[in-house]
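Reader: I am new to this structure and would like to know what stands behind the terms used for it. Could we go through them one by one, with each value set against its definition?

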Amino acid sequence: MTIHQRRSPVSLPARPVKTEMRDGWTVVLEYADEGEGPWLIDLSHRSRFDIQDGAIDQMTPWGFSIPKVPLESVFQNGVLINRMNRTQASIWHLAGETPRLPPESAFTDVTEAALLIALVGKPVFSIIEKLTAMDLQDSRKAPPFLLQGPVVHVPCQVVVFKRSTEQSAVLWTCSRGYGHDMIHAVMDAGAEFGIRPAGENALSAVV
Amino acid sequence: MNRRMHLPTLRLDPQKKVAIQYGGRSYQGIEGDTIATLLYANGIRIFGRSLKYHRPRGLYSLDGECGNTLMEVDGIPNVRTESTPAKDGMIVKAQNVIGKTAEWDPMGFLDKFSWAMPAGFYYRTLHKPAAVWPVAARWIRKAAGLGVLAPDFEMKGRYDEIYPKADVCVIGGGPAGMSAALAAAQTGLRVVLLENRPWLGGFFDYRPAVYNENGTLYERARVLAEQVQQVDNIRVFTHTAAVGAYNNNLITAVQRCGGAASFDQRYVEIRAESVVVATGCIERPLLFENNERPGVMQVGCAHRLARTWGVLPGESAVFSIGHDLGLEAAVDLNDLGLKVLCVADVRQDGQKEALLSELEKRNIPVLKGWAVVEALGRKTANRVTLAPLNGTGSRRFDCDVLAASAGLTPLTGLLTLAQGKLRYDDHTGFFLPDKLPRGVHAAGRLLGFDDAFSVEASGHRAGLCAAADCGASSRREIQTADDRLASLPGPVRGSAWVPVSAEGKKSFICFDEDATLKHVRQAMAMGFDVPELIKRFTAAGTGPGQGGIAGHNLPLFVSQTGLSPAPDPKPTTVRSPLIPTYLAAYAGTRHDMSKRTPVHDSQLSAGGRMERIGVWNRARYFSEDRSCRLEVENVRNNVGVLDASTLGKFRIHGPDALKALERVYVGDMSKVSPGRIKYSAMCNEDGCLIDDGVIVERGENDYYLTASTGRAGETAEWFRYHTRYDGWNYHIVNLTDVFGVINLAGPRAREVLQAITDADVSNEAFPFTGYREFLLWSAVPARAMRLGFVGELSYELHVPSSYMQAVWDGIMDAGKGFGIRNFGLESQNILRLEKGHVIIGAESEQRTTLHDLGLGFLWHRHKPEAKTVGAAALRQTEEQKGRLKLVGFNMEDPSSPPPKDGSVIVDGTIRGYVCTARYSVSLKAVVGMALVEDSLAGVGSRLEIFEDDCNGNRLYAEVVKMPFYDPHGVRLRM
């Protein structure tokens with residue numbers, strides 16, 4: 001019985017060559033033939049939290065500050081905090097020890113709610129502009145920053161994590177149920193750029 | 001194939017050959033050829049036949065301004081061959097012709113009967129007697145039309161979409177557009193440049209005329225193009241036609257690919273801060289008899305054919321023109337080997353002396369104030385007649401090419417789509433922008449500029465203005481650009497309107513629709529006296545050329561008649577797409593985005609027949625048996641398992657969470673208590689049922705609730721909307737995808753559940769309507785609700801989605817000894833129908849209140865604080881007469897098939913309708929629910945049911961009490 005086994009909403013079309021078990025998840029660290037990028041990385045096993053509170057500005061989860069301005073993000077010690085609106089922020093754990101759910105009622109563990117993927121590489125924006133009309137290259141915004149809107153017509157939270165001519169990274173979440181079709185759409189859009197699935201290790205280059 | 005391959009202006013790759021098939025023969029061309037230039041280079045002069053008269057049609061514009069050269073290519077009809085690159089192996093067919101090629105068409109005799117097809121033919125003819133029309137329509141459709149498309153046609157090719165971002169979007173890659181792009185880009189802004197042709201250069205690209213002491217116009221075009229390509233923040237899309245302009249500078253375009261790119265066509269959508277329209281001009285056709293005869297072409301067509309593709313348009317030519325580009329083309333083409341016999345210029349004066357001098361040097365006579373009045377020739381032009389505009393006499397020339405153009409007309413379609421206002425300008429003879437919306441600028445030739453430096457300066461200024469819209473350039477810079485432009489030659493005088501004295505019965509104002517001047521006159525005689533009405537009555541300008549040919553001449557002609565109540569010429573309306581665009585291009589990549597539950601794959605592997613229910617894929621059946629007998633019986637006798645993960649699930653928390661619940665639910669939510677579920681409903685302001693679900697309390701001011709699948713997407717907003725003025729401190733989190741839901745139902749459900757948990761799930765410890773949280777297999781947290789939607793002992797297990805598949809597999813394994821099997825949505829539908837439970841949307845519609853469904857008991861009318869949404873309406877409609885009420889019924893004839901859902905209940909008139917009816921496996925009878933008028937709602941009433949294909953044989957049913965199955969609810973509580 002493998003009842004403890006947790007599953008990502010998606011399986012990427014590649015052969016895992018290095019994996020590890022983590023809190024019930026089989027985390028792929030590396031796939032065969034990952035190439036030089038661009039890479040699509042499934043991070044759905046990473047913990048995510050919703051925080052909603054009228055006094056959110058005064059809150060410091062795990063000692064981290066929450067951005068004061070909606071659509072701003074901060075990345076601190078492996079934790080990405082995205083201010084969504086006046087009372088709400090999303091927290092994505094990307095590296096390091098998994099933080100525990102704080103006891104305050106303002107927090108909700110929403111790890112299971114969404115697909116979380118990262119697109120890393122040079123032509124990231126060329127790929128994603130085939131999927132969304134949102135402006136990820138707005139020069140007035142400095143990464144990391146948050147955008148909320150449709151990607152392939154599906155409501156998403158998109159974070160431009162890194163933007164440079166050599167390597168950029170964009171992360172986004174959508175409802176878990178859309179995972180299969182979202183992966184298909186991203187792989188299709190990235191085909192002309194040689195997109196390949198990559199394991200979690202590929203994220204370490206940008207995180 | 002004798003081509004001028006030495007010209008520096010060519011856009012061909014002579015090393016690469018292509019061959020296409022046409023009329024059963026193979027024709028050779030060169031990479032860079034369009035289909036039309038390849039065929040023309042091989043001597044093809046007739047490309048198709050016209051819509052109504054089947055007149056021969058040939059190459060006319062090279063930019064697709066009319067439908068003359070629309071052909072079927074690789075099975076796709078109406079391909080614009082003038083702008084479609086030829087690819088090796090293409091199979092090309094002529095359209096609207098009987099036969100292999102357009103050279104000979106037996107339907108050509110229709111041209112002799114054009115008198116029988118006057119203006120408004122379709123509106124006026126063959127309507128009386130009415131019975132004639134269906135027959136006539138069939139024959140007309142056979143004889144006319146553009147291409148054939150089978151109903152099951154599947155578009156080949158790969159269609160892509162892209163949403164590039166821009167601060168400034170420049171439309172038109174000519175000298176003005178390139179200058180605008182460079183000016184805007186130098187401020188650091190992101191610039192997108194769209195060009196319809198496969199290369200930048202515009203009207204400089206093919207012209208060897210002198211630009212300055214350092215070079216020619218085409219060399220200048222290449223310098224500018226090089227500069228543009230070298231600027232990182234200018235993104236160039238060539239072979240990309242802008243087809244639409246919408247509010248807030250949303251520009252849509254379609255990119256056609258001729259090379260090895262990953263798509264055949266690509267939909268491009270750009271949201272820009274500012275837009276520069278520098279689309280230049282096209283030529284305004286001359287109106288004369290047989291002005292569309294193959295061999296007659298626009299000046300630019302003849303010139304570009306030679307200069308860009310190395311193909312001389314013929315052996316000898318006459319020019320009838322109205323602008324200096326015509327003189328320039330006559331000189332250049334003569335030098336390239338086309339024998340130019342004469343140039344007729346509608347202008348009496350104003351020509352560039354240098355060009356007149358060059359013509360004189362070559363002994364080419366120039367007739368000022370003359371124009372062509374007729375082209376002769378059976379299939380292609382072989383003789384033309386010239387005549388003075390004011391005077392008598394005429395001259396005839398034998399030739400195989402007539403380069404004809406009345407003047408220029410600006411391409412203002414995008415400005416109009418962007419809500420810009422145009423006015424007619426007497427000096428230029430153009431419809432010029434009079435008022436443009438903020439963030440939209442015009443530049444270049446479409447403003448009347450002709451001088452090369454003026455065109456560039458105009459573009460430069462527009463680019464700076466666009467940058468200023470983005471806050472990136474200064475007024476001083478713009479003033480400098482203004483001064484520079486003012487120091488250069490301004491807009492040139494346009495050519496005069498060419499009076500048309502002939503009857504005009506074969507003077508075509510619109511080639512696509514075979515609409516002539518005679519038709520326009522007929523329309524005006526019948527009272528259609530403004531261009532918009534004439535356009536509709538004659539169809540002029542409504543063909544695939546999108547008004548390119550007729551767009552300017554029609555309003556000018558109507559104005560010149562002096563018979564229109566609107567004396568000033570006004571352009572007719574243009575609409576997007578500005579050029580014919582494949583629906584496939586708009587569809588783009590067509591990613592079909594839908595949601596899958598965490599156990600989607602195992603549902604499939606278990607034989608589930610998946611259906612789209614809203615955004616979700618769900619299993620409706622698990623066998624071919626649509627009665628679902630085995631699935632239903634198994635739930636009634638053993639245990640079934642249903643994937644209910646699509647249920648909406650929410651957490652609502654905060655000090656005022658209860659107030660919010662009280663506001664949107666009709667029930668008394670203060671009665672929600674730990675360990676118990678509360679079923680309640682939501683109504684809209686009209687008291688009509690919109691959702692139902694259960695609520696549980698998980699902690700202080702912390703609740704977990706479910707919503708129906710269809711409403712899950714709106715539930716959070718529904719709460720927020722209805723509490724938006726209260727300032728309440730509560731928060732809602734959508735957990736729909738966080739939990740998968742397994743509905744374990746049937747008399748043996750408890751045994752299965754007990755096998756997978758250490759928790760006590762006995763009837764005493766976990767009773768009906770109870771809520772518990774426990775671990776499955778001592779590992780997986782589950783939120784368990786004891787419910788009874790299907791009328792049996794039943795549990796809803798909410799488990800984290802990532803564990804869902806493992807839990808599902810474990811339950812199926814644990815349930816083997818208890819006869820567990822899947823059941824799908826249809827089985828659930830039958831089971832709940834037997835129990836008399838409603839599904840919102842099935843037993844309700846937008847007018848159905850809680851009372852109508854017999855659920856009024858859910859409404860708590862005396863809530864202490866919150867004003868319940870819909871309460872006022874519920875109060876008003878509680879005793880309201882004339883409402884449809886939900887009833888249950890049994891079919892009188894037990895062997896009768898169930899009436900279709902939605903069948904109407906009649907009694908001389910419509911008295912209601914059947915909501916759901918099915919054969920009940922449990923009851924061995926057909927049962928159903930219907931919404932009927934009060935008079936039929938009593939138990940024992942007879943319902944007469946009409947189905948759409950009953951052939952007069954009504955079905956009959958009797959209203960009975962509900963629920964049909966287990967009326968006392970014993971099985972729910974067992």
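Reader: Which elements of chain B are included in what covers the buried residues of α8(B)?

Author: Among them are α7 (324-336), β20 (339-345) and β21 (366-368) of chain B, where contact means heavy atoms within 4.5 Å. The model is predicted, so local features need pLDDT of at least 70 and side-chain atom pairs count only at pLDDT 80 or more, while totals for chains, interfaces and linings use all residues. Residues are numbered from 1 along each chain as its sequence is written, chains are lettered from A and ligands numbered from 1 in the order in which they are written, and side-chain values use heavy atoms, with hydrogens and water left out.

Reader: What makes α8 of chain B a helix, and which of its residues are buried?

Author: Helices are DSSP runs of H or I with at least four residues, strands are runs of E with at least two, and both are numbered from the N terminus. Helix α8 covers residues 353-361 of chain B, and Leu355(B), Leu356(B) and Leu359(B) are buried in it. Buried means under 20% relative accessible area, exposed means over 50%, and partly exposed lies in between (1.4 Å probe, protein chains only).

Reader: How do you know that the buried residues of α8(B) line one face?

Author: Seen down the helix axis, the buried residues of α8(B) fall within an arc of 100°, and therefore they line one face of the helix; the arc is that of the directions from the helix axis to the C-beta atoms. The face turned away from that buried side carries the exposed residues Glu353(B), Ala354(B), Glu360(B) and Lys361(B). Just after α8(B), Asn363(B) takes a positive phi of about 60°.

Reader: Why is Cys66(B) called buried?

Author: Its relative accessibility is 5%, and the limit for buried is under 20%, so Cys66(B) counts as buried. Cys915(B), with a relative accessible area of 5%, is buried too.

Reader: What makes Leu943(B) a buried residue, and which residues does it touch?

Author: Leu943(B) has a relative accessible area of 0%, and therefore it is buried. Leu943(B) lies in strand β49 (residues 942-946) of chain B, and, not counting residues up to four places away in sequence, it touches residues including Phe889(B), Ile905(B), Val932(B) and Tyr956(B). The C-alpha atoms of Leu943(B) and Tyr956(B) are separated by 5.6 Å, although these residues are 13 residues apart along the chain.

Reader: How do you know that the radius of gyration of chain A agrees with that of a compact globule?

Author: The radius of gyration is taken over C-alpha atoms, and the globule rule is 2.2 Å times the number of residues to the power 0.38. For 207 residues a compact globule would have a radius near 17 Å, and chain A has 16 Å, so the two agree. Chain A comes to 2 helices and 13 strands, and buried residues make up 59% of its 207 residues.
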